[in-house]
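Trainee: Could you take a close look at one chain with me and describe how it is built?

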Amino acid sequence: MKGRFRPSMAWLHTWSGLVVGWVLFGIFVTGTASYYRADITHWMRPELVQAAPVAATDLPKAAERAFAYLETHASTAKTWFIGMPRPDRPLLDLFWRTRPGTPPGHVLLDPATGAEAMVRDTEGGDFLYRFHYELHMPPLWGRWIVGACAMIMLVALITGIVTHKRIFSDFFTFRRDKAARRSFLDAHNVTGVLALPFHLMITYTGIVALATFYMPWGVTTAYKGDTRAFFAEAGWITAPRPPVGRPAPLAPVGPMIAQALASVPERLERLTVTNFGDAGATIVAMFEEPHGLAHTPTHIAFDGTSGALLEIRGGDLKPAARTISTLIGLHVAHFADTGLRLLFFLCGVMGSAMVATGLVLWSLARLPKVEAEAALGLRLVQALNIGSIIGLPAAVAVYFLANRLLPVGLADRGEWEIRAFFAAWIVAALIPLARPHRRAWSEMSMLVCGLCLAVVAADIATIEAHPLRRLGEGEALFLWFDGAMLALAALFAFAARKVARHRGPSRVEPRREPVLAAPAERVRA
Amino acid sequence: MAARGPSITLRERASVAGRVVLAAGGGYGIAALSAALLSLALPLARPEAVAAATLSSFVLMPVIAIVVFAMRSLRRAALTLAGIALVLGGGLWLAMRGAP
């Protein structure tokens, strides 16, 4: 058993990593970007950057304006969601679902007037955020695919650890000057091992974030499948209230909001209204979570028709429920301030690099020894590697570029940005098929570099309030964003140079044994 | 399993495919059974039992998947998983009969 265990784990690591690698790379990159989701959305709505934040005392009036809008435009909707003004989005964000099958309603209102806000239509960072766990597919499909990939990633991580006999010394090993495959292997080990606690944490907590979606069977047996009853009894949400079936008007919402604001110190984040028009109408105010690891936002429920406070939930969780809240809190990292957030971001970058180097390593280890035609499987992997590792960053850059260059008044503008994203991805994945493989890597890396530079140029050219055009005055957000794009451009230029200057083709590199998995070979070497 | 390329026999391919199916289906099945059983059987308040059972099932699944690939033969792995599933399933049947 002992002689077989490690090779079979190495085999499992290699193949489980390969089959999910491309999707996983997309999940990692968009998830990493989502640490700055609010900043990306803010950057993509430059009209709002100069807007003054909304004072807490104005929130009750703002909520009444949101209700007035929804009563005229969404009176048939079952549920309303009202995102309250935030520092990075000083607007009311209204969302409602009428019935399954019809597209949900979504509108941004000026909290001071209740009129529709004059702001460019964009999904902003929310598109990347939702891609992270739904891949822009129907939620059921997207979430299951992401969940399966995450589970296989967990297997790949555990088997990757098992494969390393010398995990500590691998930590300090980077043989830059050796053959390409060696340095890719070391890069894979360094990015994998250095941020290993992060990788394990983020993968497991990512699954936990959709726990009852992936594993509903405990709720099935103990709650007869009623997930909301489970959530309410665990203390995460207020008790769901069914419709009574008798029509009744809503009480004025302003006093309810004022009462909620007076009892919770955190920022009011969202209002949820259920059973509008019914005597069982309920208004739930959800607050930002208190500072700390756990994701435990306070919920306050009001009776919609009488305005009476029904219950306050959150905070007082029992151990297992609190564990779940803490795991989700770790995943979304809302507790992280500037420095810690940057650390999480860099760990995410390392995770993306770990997946990318692992994918490249697989194909490098299988290059034919002589100038023979590469096998079909290898060519397929090579095409998918470059299509995802280069294609996705190119698509993200084009998404940002489209936000700056599409006409502001274009109908369905937000949708066009997403179309530009996928069009760019498809093009960036197809071009390399017509080019020699190594040349394609350096050319496409330069293309991504150029696209990142173009984002910066378009930002400076189209934004009149850009700090560089006002001699340092104006919002620093633009400088930070452009700086990040420049750093990405430098990263891809560096990669292009490395690939282009790499001398000997690694395919003539002597190999001592048929590779079943590179790390296992290391152990024995 | 070390060989690759054309030297792989059909039997080996079938064994790998079988392990993949067993690891995915068996891993999820056993994790689901344990979540369902522990949600009823853990001596905790109901929401706590469900939360703890669901959390632990996500650790169980990768462990089962790895066990399937570490076992000497597919047959042995299948029998082991079937045994675990039988015990969990029997426990679940008893727990659900006991539940109101």
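Mentor: Read along the sequence, chain B follows the pattern α-α-α, with 3 helices and 0 strands, where helices (H or I, at least four residues) and strands (E, at least two) are DSSP runs numbered from the N terminus. The radius of gyration of chain B, taken over C-alpha atoms, is 17 Å, well over the 13 Å that the globule rule (2.2 Å times the number of residues to the power 0.38) gives for 100 residues, so chain B is more spread out than a compact globule. Its C-alpha trace spans about 55 × 20 × 15 Å along the principal axes.

This is a predicted model, in which local features need pLDDT of at least 70 and side-chain atom pairs count only at pLDDT 80 or more, while totals for chains, interfaces and linings use all residues. Residues are numbered from 1 along each chain as its sequence is written, chains are lettered from A and ligands numbered from 1 in the order in which they are written, and side-chain values use heavy atoms, leaving out hydrogens and water.

An unreviewed UniProt entry places the feature "transmembrane region" at residues 20-44, 50-70 and 77-96 of chain B; such annotations may be inferred rather than shown by experiment, and their positions are given in the numbering used here, with feature names shortened. Residues 20-44 of chain B are 88% helix and 0% strand, with end C-alpha atoms 35 Å apart, whereas residues 50-70 of chain B are 100% helix and 0% strand, with end C-alpha atoms 30 Å apart.

As for packing, residues 24 or more positions apart account for 69% of the contacts (heavy atoms within 4.5 Å) in chain B with a separation of 6 or more.
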